Structure formats: structure tokens, C-alpha cells
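Here is a short note on the structure shown below. Please read the points with the coordinates open beside you.

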Amino acid sequence: MCGDRLPTDHELAGWLADVSIPLAHRVLWRLLDESEVRIGDLLNLNVRDLALDDQTVHIAESKEGPKDVGITQEAAAGLQRLIGTRREGPVFLGPTASRLTSSRAAETFWSVTGRSLHVLQYGRQARQHPNPTGRIPRILHRTLARELTDAPWE
């Protein structure tokens, strides 16, 4: 089973090019891989949050506070195709024309790839700092890490 193995660039390119996968999911996957923005923040995007000519999306609410995030030309083109002529409303729509949910997005990714959607959040980081195991880095629970290192947590 490959549930926590990071996708290769070739695998990701194949999924993003597969027109049998709904465009909303493919654009979401690209943004997750490229931007390091949390899935909930992306799914909460509204059309008015996009500045596609500037290749920027505005994240109105996140754990770090409001921020502007640069995106690639490919992501901007995908978002433009996704929203079409819409001027308002959610960017990512599910099959019933309501906002796409994280559970639906995760289910679709799993059905296509056999992996957790969270592997995409590590895509850019993995390419910048390769991990020879190809697995998602595991982070020790804060309490356990403190016990193991005796380091103060401030």
C-alpha cells in the first residue's frame, strides 16, 4: 500500500492531466502541491479572492491570518477555467454546485491515487529538501518530543 508515499513528479503530472478527473479536484491538487496552503483555506476561497492576472490568491482567513499567496501560471490558468465567467461564489464547487468539502476532496484523491490527500501538502517541501525514504515526515507529539529531548517548549 502506498497511502503515505509522496507522489513523483511524473505521477502528479499524470493525475493533473487526466480529464476524467473533475477539474475542481485537479486544480485543488495543483494548488495543494505548489502553494503549501492548507486544504481548508483553499476550499474556502471565493472568486473575489482571486487575482489571476497577478497570479495571486488572497487567503482571507487562515491560522496565520490574512495573506496573499503567489501561484504558478498553470494554477492561474486552471482557476480561470474553473470559474469561467463567474464573478462571485465559491471557487471549488462539488457535484451539487455547493462548496466542495474536504472529505469529498480526500475521497476523490484516494479513489484515484490510493493515497491520502495530505501527501500533496508535502510536495514542494519534498522537492526542495529530498527525503530518501519518500515518506511523509513524522512529527512527534509535542509532549513526547519534550520528554525525548528535555528541551523547554516556550
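1. The backbone oxygen of F109 lies 2.7 Å from a polar atom in the side chain of T113. A polar contact is a pair of N or O atoms within 3.5 Å; within protein, one must be able to donate a hydrogen and the other to accept it, and residues adjacent in sequence count only if both atoms are side-chain atoms.

2. This is a predicted model, in which local features need pLDDT of at least 70 and side-chain atom pairs count only at pLDDT 80 or more, while totals for chains, interfaces and linings use all residues. Residues are numbered from 1 along each chain as its sequence is written, and side-chain values use heavy atoms, with hydrogens and water left out.

3. T113 belongs to helix α5, residues 102-113. Helices (H or I, at least four residues) and strands (E, at least two) are DSSP runs, numbered from the N terminus. T113 counts as buried because its relative accessibility is 10%; buried means under 20% relative accessible area, exposed over 50%, and partly exposed in between (1.4 Å probe, protein chains only).

4. L93 sits in the loop between α4 (73-83) and α5. With a relative accessible area of 28%, L93 is partly exposed. Beyond its neighbours within four places in sequence, L93 is in contact (heavy atoms within 4.5 Å) with A24, R86, S98, R99 and L100. L93 and H25 are 68 residues apart in sequence, yet their C-alpha atoms are 9.3 Å apart in space.

5. For the whole protein, there are 7 helices and 3 strands, in the order α-α-α-β-β-β-α-α-α-α. Of its 154 residues, 38% are buried.
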